[in-house]
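Take a walk through this fold, one element at a time.

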Amino acid sequence: MSHVTAADGTRIWYDTLGEGDPLLLLNGQSLDHGMWEGVRAGLAAGHRVVRVDFRGTGGSDAPLGEPYTLELFAEDALAVLDALEVPRAHVYGFSMGGKVAQVFASAAPERVGALVLGSTGPGGTQEVERPASATLALRRANTAAGRDAIAELFYSPSWASAHPDAVTGILPHGPLRAQRLHFGASTGYDGWDLLPGIQAPTLVVHGEDDELTPVGNAALLAGRIPGARLLVLPGMRHGYLHEDGPKATREVLDFLAGHPL
């Protein structure tokens, strides 16, 4: 693991694992690199997997003076690829990270091979809204009741009970002020007009029973991005990548294999 310094002086944490075509992983809102535990090793079987902590989370600095934007997160991720001398990479974005991936693919299309958008949406007025209870859970994620609610939004109760480490990995990390900046960056995003211009081959993956980002958003993305493929996983919630890990990882690897860099 190491750090790269962004243009404004913010230190951004990253690490790598494996060999092969580079695969950049982009985290969910207020989550750090730990959210990929249990998934990263499988993806690294055929790829050089790069994890990045967005500013305000994990091992990265948390400057609190200015609002965060998804464009800023994309620039931070690009700085990591530059530091690693990676000219082009596949990009797998989860939840808010999927929105960052949309920005990344739009702003630097020459740097993106294939794109995987997991449990995410287009933002703005076109996005299918989550229930108010899910938004409340996000806002209360640092309380005991909020943690329990987040776990239920991600996983079936039986699976969450059997995998406490996975639950820990999807809880917010970083200063409370930074978490609020992440929330503002994610909810302030509107990528509807960007989607038709995305050139990268795209796989949209979503859990059928996702309430945090309702599954209708997956259909919107797949219908708006030229040539995108849609994969809906039956019975899965927001955290399909863990609970249905073997199938989800296999599908992602198969898709990426069809689009070598």
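**From strand pairs to a cavity**

Start with strand S6 (residues 112-118) and strand S7 (residues 202-207), which pair in the parallel sense over four bridges. Val116 sits opposite Leu203 in S7. Keep in mind that this is a predicted model.

Helix H3 (residues 96-107) packs on the sheet here. H3 touches strand S3 (21-26), strand S5 (89-94) and S6. The direction of H3 makes about 145° with that of S5.

Now step back to the sheet. It is open and has eight strands, with mixed pairing. Read across, the order is S1-S2-S4-S3-S5-S6-S7-S8. Strand S1 (2-5) and strand S8 (229-233) form the edges, and each of these pairs on one side only. From one strand to the next, the twist averages 25°.

Strand S2 (residues 11-17) and S4 run antiparallel and are joined by four bridges. Across that pairing, Asp15 stands opposite Arg51 in S4. S3 and S4 run parallel instead, with five bridges between them. On this side, Pro22 faces Arg48 in S4.

How many of the six residues of strand S4 are buried? Five of the six residues in S4 (residues 47-52) are buried, so the strand is largely enclosed by the rest of the structure. Buried here means under 20% relative accessible area.

In a regular strand, side chains alternate between the two faces of the sheet.

Next comes the space inside. Rolling a probe the size of a water molecule over the atoms shows where empty space is left. In this model, the count comes to one cavity of 30 Å³ or more. The largest cavity holds about 30 Å³ of space.

Which residues line the largest cavity? They are Val39, Leu43, Tyr92, Tyr240, Leu241, Ala248, Thr249 and Val252. Helix H10 (240-243) and helix H11 (245-257) each supply at least two residues of this lining. H11 gives the most, with three residues.

What is the lining of the largest cavity like by class? Seven of its residues are nonpolar, one is polar and none is charged.

How values were computed. Residues numbered from 1 in each chain as written. Predicted model: local features only at pLDDT ≥ 70, side-chain atom pairs only at ≥ 80, totals over all residues. Heavy atoms only, no water. Pairing = 2+ DSSP bridges. Axes fitted to C-alpha atoms, helices over the stretch in contact; angles between N-to-C directions. Contact = heavy atoms within 4.5 Å. 1 Å grid on protein atoms, 1.4 Å probe; cavity = no way out; pocket = protein on both sides within 12 Å on 5 of 7 lines; lining within 4 Å. Points joined across faces, edges and corners; volume = space filled by probe spheres on them. Nonpolar A, V, L, I, M, F, W, Y, C, P; charged D, E, K, R; others polar. Buried < 20%, exposed > 50% of the residue type's maximum accessible area, 1.4 Å probe, protein only.
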